[in-house]
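Q: Can we go through this one together? Start with whatever I need to know to read the contacts.

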Amino acid sequence: MSTVLEQIEQQIARLQAGTVRKNVGTIRTVADGVALCDGLSEVMYNEMVEFPGGTIGIALNLTEDDVGCVVLGDVSGLKEGDEAKTTGRLLSVPVGKSLLGRAVDALGNPVDAKGPIEAKEFYPVEKIAPGIVVRKSVSQPLFTGIMAIDSMIPIGRGQRELIIGDRGTGKTTIAIDTIINQARINRVGLASGDPKFRPVYSIYVAVGQKNSNIVRTMSALEAAGALEYTVIVAAPAADNPANQYLAPYSGASMGEWFMENGMDALIVYDDLSKHAVAYRQISLILKRPSGREAYPGDVFYLHSRLLERAARLDGKGSLTALPIIETLAGDVSAYIPTNVISITDGQIFLETDLFNQGIRPAVSVGLSVSRVGSAAQVKATKQVAGKLKGELAQFRELAAFAQFGSDLDAKTKNQLDRGARIVELFKQPAFNPISIELQAATLWAMQNGFYDGIPMNKVAAAAASLREFFANRKDALLGKIRNKAALDAELEAELKQGCNEWKPTFSA
Amino acid sequence: MSRHGKATELARTLFKLSLEDGRISSERVGAVLAWVERHMPPRATAVLREYKRLVEEEIARNRAVIEFAGDISPSAFEEIAEAMSRRYGRSIEPVPVPRPELIAGVRVRVGCDIFENSIFSQLGILRAFS
């Protein structure tokens with residue numbers, strides 16, 4: 001009862017019987033989602049400005065003569081002469097675990113019709129990235145569940161790894177598979193009761209996408225049981241460009257809450273190309289000088305300050321970022337792609353040709369890199385996958401040479417055969433992430449010749465069959481691999497026995 | 001939409017020439033207008049509009065528009081003007097404007113700043129909580 005009385009007293013105190021001071025201005029023009037205001041002499045950059053009817057804007061252009069405010073919401077109720085007043089607050093979004101399983105807009109308002117979100121804390125949308133001293137180097141793996149990536153382009157917690165490729169090459173699928181895999185690992189880890197286990201929470205930021213795509217993504221996450229560990233921040237194509245501009249920063253704030261509270265989070269920005277386009281639109285309407293490809297001069301800073309917020313902090317948690325960039329005709333040397341490539345700690349490049357050839361995920365091993373590298377790999381993966389990248393590079397060289405139809409020696413034929421089998425092995429269906437222990441088993445079998453003699457077009461099926469066999473009958477062995485994270489002589493012997501038991505069960 | 005460009009620059013220059021001891025001088029404003037009429041600079045209408053906006057802003061900075069409801073003694077307006085002058089460090093002239101919608105209390109506007117202590121604003125705050 002005393003708490004109730006305290007609440008009432010607080011409400012009364014808020015009425016502020018004293019004089020209230022506010023700084024105001026007048027709308028001069030409203031067009032294309034931007035209100036130009038006179039006055040507002042004390043407005044700060046990025047401050048929230050309130051218009052009649054509770055409409056909120058952000059002051060983005062502070063010039064000598066006027067203030068350009070990007071309106072977040074419906075501009076149809078605003079007109080010339082309306083009063084605008086400063087709020088003294090920067091834009092903030094709700095953060096916390098109450099957002100998990102929910103879909104929100106760029107301002108943190110729920111859009112999934114599941115009721116209000118009871119958030120206890122709010123973080124500012126724009127925040128300075130952590131400094132150098134508070135960071136820790138990336139050494140913990142973040143398993144995507146995609147064999148081609150976990151074995152050759154490993155990602156660590158706190159890393160920024162760009163996913164780049166043309167339209168329809170599977171960029172979003174890789175991101176969704178990663179989120180689904182984190183949920184799977186979370187369930188297994190939390191069920192094990194291991195006090196050292198750290199779950200990874202995911203944030204998926206959809207910028208400028210079709211609403212149907214966002215719904216499809218949510219359905220895929222829900223079907224895989226991943227939605228309960230995920231926050232969806234939706235700024236679809238129908239949203240105004242201001243919301244599309246803010247959405248990645250809002251998502252970063254939500255991720256930072258996990259990071260600063262000792263937890264690990266993964267954030268996917270899908271995609272930053274559309275984010276840059278939305279920012280270009282806002283900048284041009286604000287009459288800011290345009291540069292290359294009509295982008296404003298600070299388009300690099302747009303992405304650098306966003307991606308620098310992903311980090312691993314000493315004594316706290318981590319935020320891993322998977323930004324997505326869409327290229328046109330495979331041109332990675334375009335303006336925005338090169339900007340983001342230079343910011344991130346590596347890229348996963350997806351090629352249309354590989355996709356059309358049926359190699360999915362269509363990862364171009366030659367052009368993809370992880371600058372963190374094996375520092376983010378468990379020993380088991382290093383043992384079985386250490387030489388794969390080199391073998392595939394040799395295979396690609398020889399494959400180009402072999403096209404000329406000359407007679408090949410036995411060694412070359414062996415290398416070509418091995419490379420082709422590795423390529424087949426890495427084919428993986430969508431929304432089907434593979435655990436790291438099964439990946440280790442699959443690759444160990446390949447390194448020890450258990451797929452030799454199997455027709456090339458059956459290799460992928462053989463690998464799937466082996467994984468099913470081990471999942472159903474060798475669960476204890478998989479548990480040992482998962483816990484030890486390395487293959488010692490005992491485990492290798494058990495793997496050999498398991499593969500020998502599997503081989504007769506698979507008919508090519 | 002932008003007011004940048006040569007017309008704005010000229011208007012700003014003319015505005016600076018209209019100030020005497022930091023305040024708008026009606027004589028100088030007259031001289032500026034006569035000059036514009038004589039020389040008719042390019043985009044003269046735009047120049048004059050921008051000039052008018054700058055002069056209006058400057059006048060509003062040095063004036064306290066005191067909107068009130070109910071009975072208030074004339075000395076109260078002087079006191080408010082003195083308080084505003086002390087606050088802003090320049091001479092502020094009071095301009096009382098009766099506004100019955102406030103019900104009771106005052107609303108003082110100096111430039112972009114509004115100081116309000118009226119029943120109308122308190123009712124607005126209550127409405128926001130309902």
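A: Two residues are in contact if their C-beta atoms, placed from the backbone, lie within 7 Å. Keep in mind that this is a predicted model.

Q: Okay. What does V268(A) touch, leaving out residues up to four places away in sequence?
A: V268(A) touches A175(A), I179(A), Y204(A), V205(A), L322(A) and I324(A).

Q: And which residues have the most contacts inside the largest nonpolar core?
A: V268(A) is one of them, and so are I179(A) and V205(A).

Q: What about a second core?
A: There is a separate one of ten residues. It includes A64(B), I66(B), F68(B) and I80(B).

Q: Switching to the interface. How many residues of chain A are in contact with chain B?
A: 19 residues of chain A, against 15 residues of chain B.

Q: Which elements give two or more residues to the chain A side?
A: β1 (20–31) and β2 (34–39) of chain A. The largest share, eight residues, is from β1(A).

Q: What's the make-up of that side by class?
A: Six nonpolar, eight polar and five charged residues.

Q: Back to β1(A). How many bridges join it to β6 of chain B, and are the strands parallel or antiparallel?
A: Four bridges, and the strands run antiparallel. β6 of chain B covers residues 113–118.

Q: Which residue stands opposite N23(A) there?
A: D113(B), in β6(B).

Notes:
Residues numbered from 1 in each chain as written. Chains lettered and ligands numbered in written order. Predicted model: local features only at pLDDT ≥ 70, side-chain atom pairs only at ≥ 80, totals over all residues. Nonpolar A, V, L, I, M, F, W, Y, C, P; charged D, E, K, R; others polar. Pairing = 2+ DSSP bridges. Core = buried A, V, L, I, M, F, W, Y, C linked by C-beta atoms within 7 Å. Buried ≥ 20, exposed ≤ 12 C-beta atoms within 10 Å, placed from the backbone.
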